[in-house]
Amino acid sequence: MVAWAGRLIVLYGTAHTLGALAVEGAARHAGTWFSGELWGADLATMSPAMSAYWLSVNSFGPPLVLVGLTVLWLHRRATTPPPFIAWSLVGWVVLGVVVAGPGVGQDVLLLVAAGLLLVAARRAGSASVEAGHAERGPR
Amino acid sequence: VNARKLLLRGASTIMVGLGTGHLVLATIFSRDLVADWAGEGLWAAVPLALTDGVTHPSAALLRNEVAFWAGPGSFSVPLILLGCLVWHLAGRGVAVPAAIGWGLAAWCLLGGVLLVPSPYFLGTVAGALVVLAARNPVPR
């Protein structure tokens with residue numbers, strides 16, 4: 001369950017960044033980016049290149065992928081991820097959907113991931129308390 | 001002193017600081033637009049219109065989209081989340097794998113190079129701290 005949650009989070013982040021690079025034609029702006037035209041550019045005077053930059057490279061994609069990978073790694077070492085990950089994702093998705101609309105329903109991926117994480121955390125509830133004690137055990 | 005824990009705490013402080021700072025600044029920069037969103041009842045105030053095919057998207061549309069993607073839709077929230085997760089794991093004596101640190105460093109380096117001067121480079125430091133922590137053996 002945790003493994004699937006991690007995969008979904010990674011998928012969501014990857015899909016967003018790659019999708020932005022492809023669909024928004026962000027790759028088209030790569031020349032502008034690497035020529036240093038964004039350097040010191042005013043945030044108020046937004047160019048399409050700057051917009052594409054925020055939507056892809058500087059988007060939530062990369063750090064979200066890292067969160068997903070960490071979840072996958074935690075699963076491999078049989079540690080249940082803390083529930084605050086799931087709650088944060090839910091809160092963030094709700095805000096995004098409210099402000100930006102449901103899009104094509106892609107946010108369901110994250111909601112499912114959060115649900116899986118919460119169920120896993122609940123199931124592991126008492127077990128993880130014991131594991132925590134064992135982990136911290138005598139040195 | 002547990003060096004690994006200190007390194008990880010440093011890394012997570014940077015991540016949370018960057019994420020929070022970015023979110024606050026983005027909101028201040030585009031406070032007019034954010035106020036407009038609130039005025040429109042928030043619901044779908046920033047339609048996810050793909051600008052693909054639109055050769056000359058209006059400046060207003062661009063500004064609105066950017067305010068969203070640079071603010072609530074930006075890297076801030078997942079970065080804060082990653083920082084909290086690293087902090088949480090450090091408290092339990094768990095070092096996150098070096099690969100996470102490398103990924104963070106590489107991403108922040110790219111983002112920083114494209115947008116000089118940028119506090120993005122701090123994220124590279126956070127990534128390096130995570131890598132160092134992963135290499136630091138647990139003192140017994």
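Helices (H or I, at least four residues) and strands (E, at least two) are DSSP runs, numbered from the N terminus. The structure shown is a predicted model, in which local features need pLDDT of at least 70 and side-chain atom pairs count only at pLDDT 80 or more, while totals for chains, interfaces and linings use all residues. Residues are numbered from 1 along each chain as its sequence is written, chains are lettered from A and ligands numbered from 1 in the order in which they are written, and side-chain values use heavy atoms, with hydrogens and water left out.

**View 1. A:Tyr12 in helix H1 of chain A.** A:Tyr12 is found in helix H1 (residues 2–23) of chain A. Its relative accessibility is 9%, and A:Tyr12 therefore counts as buried (buried means under 20% relative accessible area, exposed over 50%, partly exposed in between, with a 1.4 Å probe and protein chains only). Leaving aside neighbours within four places in sequence, A:Tyr12 is in contact with A:Phe60, A:Leu64, A:Gln106, A:Asp107, A:Leu109 and A:Leu110; contact means heavy atoms within 4.5 Å. The C-alpha atoms of A:Tyr12 and A:Gly68 are separated by 9.2 Å, although the two residues are 56 residues apart along the chain.

**View 2. A:Ala78 in the loop between H4 and H5 of chain A.** The loop between H4 and H5 of chain A holds A:Ala78. This residue has a positive phi of about 60° although it is not a glycine. A:Ala78 has a relative accessible area of 70% and is therefore exposed.

**View 3. Chain A as a whole.** Six helices and zero strands make up the elements of chain A, which run α-α-α-α-α-α from the N terminus on. Of its 139 residues, 47% count as buried. Among contacts in chain A between residues at least 6 apart in sequence, 72% join residues at least 24 apart. The accessible surface of chain A comes to about 6,600 Å², with 67% of it belonging to carbon and sulfur atoms; accessible areas come from the Shrake-Rupley method with a 1.4 Å probe, and for residues only the protein chains shown count as cover. The mean pLDDT of chain A is 77, and 71% of its residues reach 70 or more; pLDDT is the predictor's confidence in each residue, from 0 to 100. Within chain A, confidence is highest in helix H4 (residues 61–76), at a mean of 90, and lowest in helix H2 (residues 30–34), at 69.

**View 4. Helix H4 of chain B and its cover.** Helix H4 (residues 76–91) of chain B has 16 residues, which should span 22 Å at 1.5 Å a residue; its end C-alpha atoms are 23 Å apart, which agrees. The expected span of a helix is 1.5 Å times one less than its number of residues. Buried residues of H4(B) include B:Val77, B:Leu81, B:Leu85 and B:Leu89. Their cover includes H4 and helix H5 (83–100) of chain A together with H1 and H5 of chain B. Just after H4(B), B:Gly93 takes a positive phi of about 75°.

**View 5. Helix H6 of chain B and its packing.** Helix H6 (residues 120–135) of chain B reaches 24 Å from its first C-alpha to its last, close to the 22 Å expected for its 16 residues. Among its buried residues are B:Tyr120, B:Leu129, B:Val130 and B:Val131. The buried residues of H6(B) pack against helix H3 (48–55) of chain A, and also against helix H1 (3–29) and helix H5 (98–114) of chain B.

**View 6. A nonpolar surface patch on chain B.** B:Val24, B:Leu25, B:Ile28 and B:Phe29 form a nonpolar patch on the surface, with about 400 Å² of accessible area together. Patches are made of residues with over 30% relative accessible area and no salt bridge, with like charges joined within 9 Å and nonpolar side chains (Val, Leu, Ile, Met, Phe, Trp, Tyr) within 5 Å; a salt bridge is a side-chain nitrogen of Lys or Arg within 4 Å of a carboxyl oxygen of Asp or Glu. B:Val24 is found in helix H1 of chain B and counts as partly exposed, at 44% relative accessibility.

**View 7. B:Gly103 in helix H5 of chain B.** Helix H5 of chain B contains B:Gly103, which counts as partly exposed at 27% relative accessibility.
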